Amino acid sequence: MSGTTTTSGRPAREGEGLSGSALRGYVFAFSAAIAYAASQVLAREGVGDFDAPLVGTTIALAFGTLGFIVIAVRNASAPVRDFRRGAFFFGLAGIFSATGVAGMFLAVEQAEVVTVAPISSTHPLFTLLFAAILLRDLERITPRIAIGGVLVVAGVVLISVS
Amino acid sequence: MPAVAFALGAAVSWAFSAISVRVALRYMPATTGTFLSLISGLVLMLLVVALFQRGRLDDLTLAATAIFAAVGFFNFILGRYLNFLSISHLGVGRATPLTAATPLFAAVLAVVFLGESLNALTVLGTGLVLGGIYLVLKQP
């Protein structure tokens with residue numbers, strides 16, 4: 001997979017080159033990383049004021065859900081191929097994501113962040129592993145992507161313990 | 001050690017979340033999907049808080065609420081939506097290592113806005129993250 005997709009979400013094959021869609025994907029990915037980073041820096045301030053991060057995350061999620069209604073309504077006419085399956089898997093994604101957050105906070109309650117953060121930072125490696133096993137018809141995890149993922153995780157672990 | 005198990009469980013949960021998103025994008029666009037994932041996550045978190053941490057709501061201040069509202073904007077409106085869009089354009093294999101670089105950007109923001117300082121580990125980690133990103137971005 002070289003980074004491009006069709007409108008149906010099919011990842012393009014290696015060698016198809018950098019398309020406008022891939023370029024937008026990179027911009028979206030880095031913008032997401034910056035937005036997550038801003039939220040982490042802000043959350044440190046919030047936790048200083050209110051020492052119950054699980055409750056804080058729920059409040060943030062409630063505000064996020066309410067705020068997203070505007071975007072969802074504006075895009076309500078976007079074509080949906082299969083609502084039931086889409087809703088099932090996106091619903092599952094939300095539950096897994098929330099379970100991850102809860103697990104992280106439970107871990108931090110029992111050990112220091114310096115112990116917990118490097119372990120939880122390995123999630124991209126699990127994603128690549130599961131994608132290689134479960135998404136063989138949708139994705140091709142090349143050695144280059146796998147090595148890149150390992151380097152990113154190693155760097156993130158070092159940053160999180162520094 | 002329970003803490004290690006919980007942290008490992010968190011990592012696996014987030015990985016399954018990304019895989020679920022990749023599958024879901026075959027059936028539904030990122031906008032509708034982001035909204036549905038926010039709702040399902042919120043329902044679960046409300047249940048957890050109601051069962052285990054309801055009393056902590058009494059300590060909530062207006063200032064903290066405002067900060068968590070801003071966190072909600074950056075994390076769940078911008079971050080999650082852009083993350084799902086990146087997966088729809090790149091696939092989960094290429095998008096995930098890029099969004100995983102979040103701590104690098106957090107370190108930069110903390111230096112700029114909170115006056116925190118960099119140390120050797122941060123610099124080394126930054127180098128590794130940038131090397132990894134280069135490999136992911138590099139065209140064959």
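This is a predicted model: local features need pLDDT of at least 70, side-chain atom pairs count only at pLDDT 80 or more; totals for chains, interfaces and linings use all residues.
**Entry 1**

I started with Asp137(A), which is exposed, with a relative accessible area of 54%. Is Arg26(B) buried or partly exposed? I checked: at 32% relative accessibility, Arg26(B) counts as partly exposed.

**Entry 2: the other salt bridges**

How many salt bridges does the structure hold over all chains? I got four. Two of them cross the interface of chain A and chain B.

Then I turned to Asp82(A) and Arg85(A), whose side chains meet at 3.7 Å, N to O. Asp82(A) is partly exposed at 24% relative accessibility, and Arg85(A) is partly exposed too, at 47%. Arg56(B) comes out partly exposed at 30%, and Asp59(B) partly exposed at 45%. A reminder to myself: side chains of opposite charge can pair when their charged atoms come close.

**Entry 3: where the chains touch**

I looked up the whole interface next. In it, 120 residues of chain A are in contact with 110 residues of chain B. The two chains bury about 10500 Å² between them, and 78% of that is on carbon and sulfur atoms. I also noted 15 residue pairs in polar contact across the interface, both residues at pLDDT 80 or more. Which helix gives the largest share of chain A's side? That's H1(A), with 26 residues. By type, chain A's side divides into 69 nonpolar, 37 polar and 14 charged residues.

**Entry 4: the cores**

Last stop was the largest nonpolar core, which has 64 residues. Those with the most contacts inside it include Phe68(A), Phe90(A), Leu98(B) and Val129(B). Helix H3 (residues 62-90) of chain B gives the largest share of this core, twelve residues. I zoomed in on Val129(B): leaving out residues up to four places away in sequence, Val129(B) touches Leu151(A), Val152(A), Gly155(A), Val156(A), Ile159(A), Ala101(B) and Leu104(B). There's also a second, separate core of eight residues, among them Met104(A), Ile119(A), Ala3(B) and Ala10(B).

How values were computed. Residues are numbered from 1 along each chain as its sequence is written. Chains are lettered from A and ligands numbered from 1 in the order in which they are written. Side-chain values use heavy atoms; hydrogens and water are left out. Contact means heavy atoms within 4.5 Å. Buried area is the accessible area (1.4 Å probe) that two parts lose on being put together, summed over both. A polar contact is a pair of N or O atoms within 3.5 Å; within protein, one must be able to donate a hydrogen and the other to accept it, and residues adjacent in sequence count only if both atoms are side-chain atoms. Helices (H or I, at least four residues) and strands (E, at least two) are DSSP runs, numbered from the N terminus. Ala, Val, Leu, Ile, Met, Phe, Trp, Tyr, Cys and Pro count as nonpolar, Asp, Glu, Lys and Arg as charged, and the others, Gly among them, as polar. A nonpolar core is a set of buried Ala, Val, Leu, Ile, Met, Phe, Trp, Tyr and Cys residues joined through side-chain atoms within 4.5 Å. Buried means under 20% relative accessible area, exposed over 50%, partly exposed in between (1.4 Å probe, protein chains only).
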